[in-house]
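User: I would like a close look at a single part of this model. Please keep it brisk.

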Amino acid sequence: MYKTINITVPDMAAILDTLEAQGQKNEYPYQKLKRYWDDWMAKEKAQQERDAQKQASRERRAAKSNFRKTFIGSNRLFEACWREALKYKRLYLEEISEELLEQIASEKVNNPKSSFFIYGK
């Protein structure tokens, strides 16, 4: 019967390497340890992806806040322009800039079908 032990991740990697070198890939201890290793690596990768998404979200919120400070117009117009800029960024992989937001705002304000259309000359 096998004894249960607590081992660290570097130890686990070293044990797996040793068992592989000894040609024991088909043995039960190697397979069980390899399964634990694969599960741990999958969890670690998922955590790194979540952390990267959180960091990207923080950066996006900070950028939005900075652009809002310099934007001339209502909050509603800014939100509509921001959504449009995000779509543009996803399609063309171009960074959002003040010029892009101003261009989108100009298109919305000058379009007669838009709810932001400015009436007059």
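Which residues line the second largest pocket?

Analyst: A caution first: this is a predicted model. The lining of the second largest pocket consists of Ala-56, Glu-59, Arg-60, Ala-63, Phe-67, Trp-82, Leu-86, Lys-89, Arg-90, Glu-95 and Ile-96. The space inside comes to about 210 Å³.

Now the helices. Both α2 and α3 supply at least two residues of this lining. The top contributor is α2, with 5 residues. Helix α2 runs over 28-70, and α3 over 75-92.

Next, the charge. Arg-60, Lys-89 and Arg-90 are among the lining residues. Arg-60, Lys-89 and Arg-90 also belong to a patch of positive charge on the surface. The largest share of the patch is from α2, at 5 residues.

Salt bridges do occur elsewhere. The whole structure holds 3 of them. One of these joins the side chains of Asp-38 and Lys-34, at 3.6 Å from N to O. Asp-38 and Lys-34 are both in helix α2. They are 4 residues apart, about one turn of the helix.

Conventions. Residues numbered from 1 in each chain as written. Predicted model: local features only at pLDDT ≥ 70, side-chain atom pairs only at ≥ 80, totals over all residues. Heavy atoms only, no water. Patch = residues over 30% accessible without salt bridge, like charges linked within 9 Å, V, L, I, M, F, W, Y side chains within 5 Å. Areas by Shrake-Rupley, 256 points an atom, 1.4 Å probe, with all protein chains shown as cover. Salt bridge = Lys/Arg side-chain N within 4 Å of Asp/Glu carboxyl O. Lys, Arg positive; Asp, Glu negative; His and termini not counted. Charge placed at Lys NZ, Arg CZ, Asp CG, Glu CD. 1 Å grid on protein atoms, 1.4 Å probe; cavity = no way out; pocket = protein on both sides within 12 Å on 5 of 7 lines; lining within 4 Å. Points joined across faces, edges and corners; volume = space filled by probe spheres on them.
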